[in-house]
Amino acid sequence: MRTVPLFTAELFHLELDRNPLNLLKFAINQVVPGKEDQKSRRPRKCIRGLFSAGSAERRERKQMNFTAFNLHPDVAAGIREAGYTEPTPIQAQAIPSVLQGRDVMGLAQTGTGKTAAFALPILHRLMQGRRAHVRALVVAPTRELAEQIHEAFTTLGRAARVRSVTLYGGVSFNPQADKLKKGVDVVVACPGRLLDHIGQGTVDLSHLEVLVLDEADQMFDMGFFPAIRKILAHLPRARQTLLFSATMPQEIRALANDVLNDPHTVQVGTVAPAATVSHALYPVEPHLKTPLLMELLKHTDTESVLVFTRTKHRAKRLGEQLAKAGHRAASLQGNLSQNRRQAALDGFRKGEFQVLVATDIAARGIDVSQVSHVINYDIPDTPEAYIHRIGRTGRAARSGDAFTLVSGEDAAMVRTIERALGSPLEHRKVDGFDYRAPAPEKTAQPARSARPAQNRTRPAPKAASAAQRPEAPRRRRPKAPARAAAPARPAGQR
Ligand code: AMP
């Protein structure tokens, strides 16, 4: 079981800072609500304390723009193309150290701008030295995140003519091998498929200069650490290593100790949700969740909604129910082929779908900056998962709402999340909704809970990774040579 409290990262940072003033600021942030919060009774200030940039970071950010990094003009052109005007806190903190060639431990999650925090200095480095050799490797837990990182390299590295490739399972092996053969500068890979390429000899990592391990805690949860260790054995020892993780459980500390050399630790929370996300609970009987969701969608000004369910089955079924009710809805879950997953994601990004129903694992790493609402149809299993989910909304300084449908069996998890956030979540009701409607006939019932009620209030056991594994599409592995010892891993994440 992962027992790391939500704010471990924050404390870990303070521990490293050894700055009592920071500790005091952190404590005040946690217990003193701002005026706005007293009025609205929303736990914004507390959430800000957990997620947002601290005042020192904000000061640092204010004083800095991208020109201060003195990046290669072609990389600066990439920043302009991406439309970034000022660095996010994680970028302000990390980029100088990465440019100096230092190892970096980054405590940050998706939504903070961490991708550019490592991509920009890597691109700058690539401007000198041999091209078309793999000099940077990013290892990420899911193909969605890998694609997102690849896209960032493509946009930011367009003027620099940097070539990157993604390597993950669930798609053909040979086109990836062909791209590698033509010569690339950056490889963005999920661990299993990367090992396949290493085993086949289709990827040459002997010129590697920078390794990035992204979302290390997620990779641990998904059982990827044995694969990571194998990959490490194939990399040059003299290299720069950057490790990013949203949380800092013992296992990540151990990995960091092993792979990082005198690292500079930088840490921020998710920037945007801090100021812009409001949170609410919608208590409802389990059998009324779907009608309540429909009602919420009807009455709320929802531009684009990411709905989370506990299982892929529920995601699929709810997506179908919403579509049947006339919503432009799609579901994203591991049983879809890669093409259909991509189509669902693209459709959501372009606004063809207003609602995307997803499981945690399928949604991991999704960068959909325009998400207006995150609705937890099922409450997440851990406070960390709650943060990851709400990190999808309120990005890029837009406002967002995070709604959670809860029934009696979720009470303990609600308390756990509230404790972690440091403040109670607002309870809301939808006016005019018949909360006392009886359970409909069996056929019309919402998808059943994935597990017995008594288990639902407990944080997910570490074997949540195992529970997540069925997410992987059941596809036949492309023919790859037998390796001496194939690592245990989720098939779809190869
Ligand atoms: P990430 O945390 O890397 O997933 O990034 C989250 C989102 O922030 C992505 O849509 C990025 O394109 C965007 N982003 C990253 N850096 C900046 C920046 N300096 N200014 C504005 N947006 C940014």
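Two residues are in contact if their C-beta atoms, placed from the backbone, lie within 7 Å. The model is predicted: local features need pLDDT of at least 70, side-chain atom pairs count only at pLDDT 80 or more, and totals for chains, interfaces and linings use all residues. Residues are numbered from 1 along each chain as its sequence is written.

**Exercise 1.** State which strands helix α9 lies across and its angle to β3.

*Solution.* Helices (H or I, at least four residues) and strands (E, at least two) are DSSP runs, numbered from the N terminus. Helix α9 (residues 143-156) lies across β2 (136-139), β3 and β4 (186-189). Angles run from 0 to 180 degrees between N-to-C directions, with axes fitted as lines to C-alpha atoms, for helices over the stretch in contact. On this scale, α9 runs at about 175 degrees to β3. Helix α11 (residues 191-200) also touches β2, β3 and β4, and its direction makes about 105 degrees with that of β3.

**Exercise 2.** Give the strand order of the open sheet of 7 strands, and identify its edge strands.

*Solution.* Two strands pair if DSSP finds at least two bridges between them. The order is β3-β4-β2-β5-β6-β1-β7, with parallel pairing. Strands β3 (164-167) and β7 (264-267) each pair on one side only and are the edges.

**Exercise 3.** Determine whether Thr 85 is buried or exposed.

*Solution.* A residue is buried if 20 or more other C-beta atoms, placed from the backbone, lie within 10 Å of its own, exposed if 12 or fewer, and partly exposed in between. Thr 85 lies in the loop between α6 (73-82) and α7 (89-99). Thr 85 has 9 other C-beta atoms within 10 Å, so it is exposed.
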